[in-house]
Amino acid sequence: SPQIVWSMLGNRQFCSYKMTTKTQNFCRNEYNLTGLCNRSSCPLANSQYATIREEKGRCYLYMKTIERAAFPRRLWERVLLNKNYEKALEQIDENLIYWPRFIRHKCKQRFTKITQYLIRIRKLTLKRQRKLVPLRRKIERREKRREEKALVAAQLDNAIEKELLERLKQDTYGDIYNFPIHAFDKALQQQEAESESESDAEREEEDDEGVDKREFVEAEDSELSDFEDMDKLETSSEEEQEEEEEVEKKALHSKSKGKTPLKGPARRKRPYIEIEYEEETEPTTKTKAA
Amino acid sequence: GPPAPERVLFPPTFSVSEIKNKQRRHFMFLRWKQQQRKEKLAAKKKRRKEREALGDKAPPKAVPKTIENQRVYDETTVDPNDEEVAFDEATDEFAPYFNRQTVPKILITTSDRPRGRTVRFCEQLATVIPNSHVYYRRGLALKRIIPQCIARDFTDLIVINEDRKIPNGLVLSHLPDGPTAHFRMSSVRLRKEIKRKGKEPTAHAPEVILNNFTTRLGHSVGRMFASLFPHDPQFIGRQVATFHNQRDYIFFRFHRYIFKSEKKVGIQELGPRFTLKLRSLQKGTFDSKFGEYEWIHKRREMDTSRRKFHL
């Protein structure tokens, strides 16, 4: 009889569906109406019992009566409830007529809760779902390694610098950067070919033209050889001396560039400072180059 | 064990792997390795001496094989003089940008509930790309915000996907019905994590450098990136944004440059940096179910050869 069952399972002996926590006892039985382990909620300890369960979005009313206690297979009778909320409640009422108040009430409560969460599920599936894509460790590792190697192979700084210099060559920047060094080298070459006594006026004109044009002398070797030639020649024109110092200053800067961080506006000022130097001592810089 | 003698004599059919004892086998293997190294060094020295002896008549140095050298030739590589490609590009979705009919206006957003790192990254990205706005997602569906964006005249949409508090994906969508590219983002470095960085990027329009986009696919992706930035860069700002493609990884960097002379330029990194890997390219705007995919990265087919790249 149910009282004996309860006195055994409920209090004294072991019930495998019972889960105890600090404050409460829960019942894991799938037919349990409230989920708690109580005398009135235990499906094993009550011979007349009813629950609401849902399967695949439809709700069923399960009922258990004493008459079928001997037939475990037919123990639970199942009634499909109407999709309409009110009609389903009426169905519960008519099926559980003359049943204890507790079971009726709890069944309706449970049914309400279930319909509410079913509505929520349907709403959520309409919204955006988050798709979980599993990461594959081997592939992640492989990609990471390949990325590192690609980074090394890319030599980004060099590539960017090269590209910028290319653009400078192609004159995409227009007149913003004027490096009179072109003019100077071109003038030097011409000077080497001709004699030194050629007039300064000619040279000035060439320099002026050189400023607008962009011409390129070959690599750095030519600069050094130019310096040596410069030292051999005895020049008196101011312009050449000024430009020599400019060039030397620039060469020194570029050699000593190292890894000093650039300060954009500060660096920009350097060319102007070089112009100041032009008026200062010339022979000292000459000896440096020598 | 005993030190290795100068010349080790073995019976001709001996191999190190036949020794059953692991310690001894290991020892013999090390000895064999040392010997190999010695021989290699001797061979190198000999070759160098020969080369010096020959002087000018020496044969030219062999070019080392690199992955880029050995790259499997892709038949969709774009030839710069190809007319068909030029014609396609004149009539594709980016034509209005390249004809200067539209000004890029970018919307940057994230996936749901972005965490601190992603938020900061979005902000920095917004400073790097001029005329861009950051809006938070708040659970809105992309399909619904796209028509709104088009109505408000946005040209591009960037969605940064986040996973475990770090950004790991980027969806770049050109808005009036343009292609959508989905990238995997890795090695994201915020501005404060970059060493030796400069001051903040200014609002000047940066220049754009696109390196190594050779195939048709690469070309279209490159144009997508180019269309993010205003067509006329402001050279006063001296800023440059670089998208460098190497072995299918696109490295993004943002620098400030200065020309120290006409042969030397110095660059200083500002701005965030990240790397992208293309996952898929879709023809229309973002639509994961019914979209028409132009290219999807299929691992089994495309990752078989180490020397085959698609961008």
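Predicted model: local features only at pLDDT ≥ 70, side-chain atom pairs only at ≥ 80, totals over all residues.

As a general background, nonpolar side chains in soluble globular proteins tend to be buried together.

Now step back to chain B as a whole. Chain B holds seven helices and 10 strands, and 43% of its 311 residues count as buried. Taking contacts in chain B between residues at least 6 apart in sequence, 65% join residues at least 24 apart. The accessible surface of chain B is about 18700 Å², with 52% of it belonging to carbon and sulfur atoms.

Next, the place where the chains meet. Chain A brings 42 residues to the contact and chain B brings 40 residues. Together they bury about 4200 Å², 59% of it on carbon and sulfur atoms. Five salt bridges are found across this interface, and one pairs the side chains of Arg167(A) and Glu207(B), at 3.1 Å from N to O. Nine residue pairs are in polar contact across the interface, both residues at pLDDT 80 or more. On the side of chain A that touches chain B, the elements giving two or more residues are helices H4, H5, H6, H9 and H10 of chain A. H4(A) gives the most, with 11 residues.

Most residues other than glycine have a negative phi, yet Asp177(B) has a positive value, and so does Asp248(B). The table sets out their phi values.

| Residue | Phi |
|---|---|
| Asp177(B) | near 70° |
| Asp248(B) | near 75° |

Which loops hold them? Asp177(B) is in the loop between strand E4 (166-174) and strand E5 (180-189) of chain B, while Asp248(B) is in the loop between strand E7 (239-246) and strand E8 (249-259) of chain B. Is each one buried or exposed? Asp177(B) counts as exposed because its relative accessibility is 54%, over the 50% cut-off. Asp248(B) is buried because its relative accessible area is 11%, under the 20% cut-off.

Key: Residues numbered from 1 in each chain as written. Chains lettered and ligands numbered in written order. Heavy atoms only, no water. Helix = DSSP H or I, 4+ residues; strand = E, 2+ residues; numbered from the N terminus. Buried < 20%, exposed > 50% of the residue type's maximum accessible area, 1.4 Å probe, protein only. Contact = heavy atoms within 4.5 Å. Areas by Shrake-Rupley, 256 points an atom, 1.4 Å probe, with all protein chains shown as cover. Buried area = accessible area lost by both parts, 1.4 Å probe. Salt bridge = Lys/Arg side-chain N within 4 Å of Asp/Glu carboxyl O. Polar contact = N/O pair within 3.5 Å; in protein donor to acceptor, adjacent residues only side chain to side chain.
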